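Have the sequence and the structure open as you read.

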Amino acid sequence: MKIKILYTIPNFDTAGSGIPLLTIAKKLDNKLFKSEIACLHDRGDLFKEVKQSGIKVHLIDLYKEVRPISKMLYDCYKLTRILNKINPDIIHSYHYAADYTEPIAAKMAGIKWIYTKKNMSWYGPSYRGWKLRSWLADGIITQNSDMMNDFFPEGKNVKLIPIGVDTYKYRYNKTKKNKKSNKRYLITVADLSEIKGTGLLIHAFYKIHNEFPEWNMYIVGDDSYSYGKRCRDLATSLDLMHKITFTGKIKDIITYLDQSEIFILPSINGEGGPVSILEAMANQKNIIASNVSGIRDQLKHFRDHMFEAGNEDKLINILKLFMNKSVDENHKLGKLFYNYVVNNHDISIESNKIQSYYKSLIYK
């Protein structure tokens with residue numbers, strides 16, 4: 001009999017884990033596993049892909065208010081009746097927050113419940129939530145070594161499984177590069193928020209752009225919130241809008257990767273496992289990124305390509321180092337990153353490890 005996995009996530013609109021979840025769900029060996037998905041609503045372009053995948057989707061109110069406790073427990077009990085009808089062997093949560101009501105409902109239903117730790121949030125107001133969520137879990141998947149060492153140093157059933165990417169999907173297509181243009185491009189891909197350091201990158205680029213008149217920059221990601229507006233205002237005030245293209249939230253980032261030579265992710269705080277870096281590696285880009293959790297695992301063999309997080313001078317120095325290189329030199333470095341991601345972070349590697357982990361939980 002197949003092992004049935006129910007993947008849960010708040011939505012496929014604003015939740016950043018939607019693509020990794022769907023990719024893994026589609027990659028399961030259908031001779032051994034059956035995958036279904038539960039989320040709160042059907043909004044967002046990505047949800048259309050979920051429906052097209054043929055995977056059964058349940059729209060469920062998965063997360064309950066924690067106070068008052070008596071009502072929370074009753075609401076969790078009502079959720080168990082829905083979960084028992086679906087009858088999965090394992091519920092795998094991709095929720096980014098410290099919710100513990102879903103695992104309580106799973107426990108009440110007698111269903112194994114695991115979660116993937118997606119970010120470096122732990123201490124602070126949500127600390128007790130994370131501890132309870134983890135205590136209730138039958139298993140935890142971490143995405144970087146700092147999570148293992150800092151959050152789960154003695155955790156049982158905790159498994160480090162670095163995130164993977166479809167390396168074939170993001171492969172470089174040199175025919176799409178505009179050979180008639182002498183423009184060269186930096187690129188960063190991230191929804192614009194304080195922790196991504198986009199403002200720092202804009203300011204650093206401003207200080208050196210006159211030295212490199214052929215260089216321009218793509219900023220790819222949702223810039224509709226307040227920080228995105230601030231970044232646009234900053235670029236405008238520095239008279240850089242002729243050098244910087246804000247694409248906003250787009251579906252096809254590969255076109256912009258194909259046009260670029262150097263990818264930068266100047267995150268200020270720790271990351272879980274930034275898939276944007278792996279996508280850029282698969283597209284044979286030269287990579288620059290800050291030395292923070294998650295990123296340092298991905299660039300552990302490329303330490304000269306990392307800089308101190310939040311340090312504008314260090315970012316400027318490393319930008320100048322690689323912007324001074326020729327197109328061919330950056331392309332050769334990009335091939336090194338490509339070989340690394342194929343051998344260490346292809347989606348098939350992550351998928352095989354996750355499937356082995358599922359089997360270990362069922363057949364232990």
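## Ground rules

This is a predicted model, where local features need pLDDT of at least 70, side-chain atom pairs count only at pLDDT 80 or more, and totals for chains, interfaces and linings use all residues. Residues are numbered from 1 along each chain as its sequence is written, and side-chain values use heavy atoms, with hydrogens and water left out.

Thr-116 sits in strand 5 (residues 112-116); strands here are DSSP runs of E, at least two residues, and helices are runs of H or I, at least four, numbered from the N terminus. Its relative accessible area is 3%, so Thr-116 is buried (buried is under 20%, exposed over 50%, partly exposed in between, with a 1.4 Å probe and protein chains only).

## The largest nonpolar core

A nonpolar core is a set of buried Ala, Val, Leu, Ile, Met, Phe, Trp, Tyr and Cys residues joined through side-chain atoms within 4.5 Å. The largest one has 30 residues, and Leu-186, Ile-202, Ile-244, Leu-315, Leu-319 and Met-323 touch the most other members. Elements giving two or more residues to this core include helix 7 (198-208), strand 10 (244-248) and helix 12 (312-323).

Take Leu-186: not counting residues up to four places away in sequence, its contacts include Phe-205, Trp-215, Ile-262, Leu-319 and Met-323.

## Two loop residues

His-41 is in the loop between strand 2 (33-39) and helix 2 (45-52). Its relative accessibility is 14%, so His-41 counts as buried. The His-41 side chain reaches the backbone nitrogen of Arg-43 at 3.1 Å. Beyond four places in sequence, His-41 is in contact with Pro-10, Asn-11, Asp-13, Phe-47 and Leu-59.

Gly-270 lies in the loop between strand 11 and helix 10 (275-282). At 29% relative accessibility, Gly-270 counts as partly exposed. Residues up to four places away aside, Gly-270 touches Met-120, Val-292 and Ser-293. Its C-alpha atom is separated by 9.4 Å from that of Ala-309, 39 residues apart along the chain.

Note on methods. Contact means heavy atoms within 4.5 Å. A polar contact is a pair of N or O atoms within 3.5 Å; within protein, one must be able to donate a hydrogen and the other to accept it, and residues adjacent in sequence count only if both atoms are side-chain atoms.
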